[in-house]
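Here are my notes on the model, as numbered points. Please read them with the structure open.

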Amino acid sequence: MLYPELPLVAFTVLAQTAVGGYIITAGRLSQLGSATKHRQPLVLSMIVLWAFMAIGFAASTMHLGSPLRAFNALNRVGHSGLSNEILTGSIFFAVGGLYWLADLLKIVTESVLKITRIIVALAGIIFMAAMIKVYLINTVPVWNSSFTYVEFIGTVLMSGVLLGYVLLNLTQTTTATLNTKLAIFGVCMIALHVVITAWQLVDIATITTSIQTGAEHLAVYSGSIITRLVLLVIAGGLWLFSALKAHQVKAVTAISLLAFIVMFIAELIGRGVFYGLHFTVGII
C-alpha cells in the first residue's frame, strides 16, 4: 500500500479542516450579529463542518478495528495521547454540535452564542494540540519534530480557512475586502508551507538509524511530495483568482470550491506521505 493508515489520513485532515473552517465561520457570525438576512444560511452551512467531523471519527474507528474499541481508548485519559485526542475531539464535536443547534433554532440570545462560539473555538484548539501530541514519539524521528506542528497546523490554516472562505461565499456573507484578506492570508500560508516543506525534506534526508535512512523513504514518496506541492500552488492561485472576481458571486463560489477540492486532495496526499515516512530508531 502506497499510503498506509488511510483511516488516520482521513480523520486528521477532515478534523483539522473542520476546526479551521469553524473558526472562520464562527468569527464571521459574531461580526454579523443577529440582524443580517444571510446569517441563517451561514449557520446552516456549518453542517458541512460537523459532517467532516462525523466522517473523520467514523474513519478513525476503522483504524481501531472495531468502533467499540473507541470507548476502550478513553481508559487512559490524562496519561495516553490517543485517549486525550479522542476525548478532546469528542468534546469539540459535541459542544460544537450543541452550539450549532442552539444557533440554528435561535433558542438562546446572541450574547450567549458569542461566548459559546469562543468556547467551541478553544475546544477545537485544544483538540488540535492533543492531536499533535499523539505523534511526538521520540522513537519515530520524522514525527518527533517541530515539523509535525507545521504539518498539522498548516492544514488548519490552509484547508480549514479555505473551507470557511467557500462557505462565506456560498452563503453570501462575505465582502470583497474580507475575501481579499483571506486569500492573501491563505497564499502566504501556502508559500510559507512550501518553503518549510523544502527545509523538512532536507532534514529528513539526514536522518539515519541502524537499519534505515530518511533518504530511502523520501525516494519512495518523491512523486507524491512533488504532486502535493504543485497542487498547493494551484490551489493558492485559484484562491487568489477567486478573490479578484469579487463582484461575480457565482464565479467566486465555483472557483473557490475548485480551489478547496485541489487543496484537500493535496493535504490528503501530504498526510499519506507523513504516515508513510514512519520508521523507528531501532529494529522494531
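**Notes on the predicted model**

1. Ser 90 counts as partly exposed, at 34% relative accessibility. Ser 90 sits in helix H5. The model is a predicted one, and the points below should be read that way. From Ser 90 to Asp 103 the separation is 13 residues in sequence and 20 Å in space, C-alpha to C-alpha.

2. Helix H1 (residues 6-32) packs against helix H5 (residues 81-105) at an angle of about 35°. Their axes are 12 Å apart. The crossing of H1 past H5 is left-handed.

3. Which residues meet where H1 and H5 pack? From H1 come Phe 11, Val 19, Tyr 22 and Leu 29. From H5 come Glu 85, Phe 92, Tyr 99 and Asp 103. By class, this contact of H1 with H5 has six nonpolar residues, two charged and no polar.

4. Now the core. The largest nonpolar core holds 78 residues. Those with the most contacts inside it are Tyr 22, Trp 50, Phe 92, Phe 127 and Trp 239. H1 contributes the most to this core, with 13 residues.

5. Tyr 22 deserves a look of its own. Leaving aside neighbours within four places in sequence, Tyr 22 is in contact with Phe 92 and Tyr 99, among others. The list also includes Gly 27, Met 46, Leu 49 and Trp 50. Thr 116, Arg 117, Val 120 and Ala 121 are in contact with Tyr 22 as well.

6. Is Ala 183 buried or exposed? Ala 183 counts as buried because its relative accessibility is 0%, and the cut-off for buried is under 20%. Ala 183 lies in helix H8 (residues 176-205). Not counting residues up to four places away in sequence, Ala 183 touches Trp 239, Leu 240 and Ala 243. Ala 183 and Thr 17 are 166 residues apart in sequence, yet their C-alpha atoms are 16 Å apart.

7. Ala 259 is also worth checking. Ala 259 is found in helix H10 (residues 249-276). Ala 259 counts as buried, at 0% relative accessibility. Not counting residues up to four places away in sequence, Ala 259 touches Leu 162, Ala 235, Leu 238 and Trp 239. Ala 259 and Ile 86 are 173 residues apart along the chain, with 30 Å between their C-alpha atoms.

8. Two backbone angles need attention. Most residues other than glycine have a negative phi. Lys 106 is not a glycine, yet has a positive phi of about 55°. Lys 106 lies in the loop between H5 and helix H6 (110-134). Lys 106 is exposed, with a relative accessible area of 60%.

9. Gln 172 has a positive phi of about 55° and is not a glycine either. Gln 172 is placed in the loop between helix H7 (146-170) and H8. Gln 172 is partly exposed, with a relative accessible area of 45%.

10. Last, the record. An unreviewed UniProt entry lists "transmembrane region" for several stretches, including residues 6-30, 86-105, 182-201 and 221-244. In the model, residues 182-201 are 100% helix and 0% strand, with end C-alpha atoms 28 Å apart. Residues 221-244 are 100% helix and 0% strand, and their end C-alpha atoms are 35 Å apart.

Methods:
Residues numbered from 1 in each chain as written. Predicted model: local features only at pLDDT ≥ 70, side-chain atom pairs only at ≥ 80, totals over all residues. Heavy atoms only, no water. Axes fitted to C-alpha atoms, helices over the stretch in contact; angles between N-to-C directions. Helix = DSSP H or I, 4+ residues; strand = E, 2+ residues; numbered from the N terminus. Left-handed = near helix turned anticlockwise from the far one by under 90°. Contact = heavy atoms within 4.5 Å. Nonpolar A, V, L, I, M, F, W, Y, C, P; charged D, E, K, R; others polar. Buried < 20%, exposed > 50% of the residue type's maximum accessible area, 1.4 Å probe, protein only. UniProt positions renumbered as here; feature names shortened; annotations may be inferred. Core = buried A, V, L, I, M, F, W, Y, C linked by side-chain atoms within 4.5 Å.
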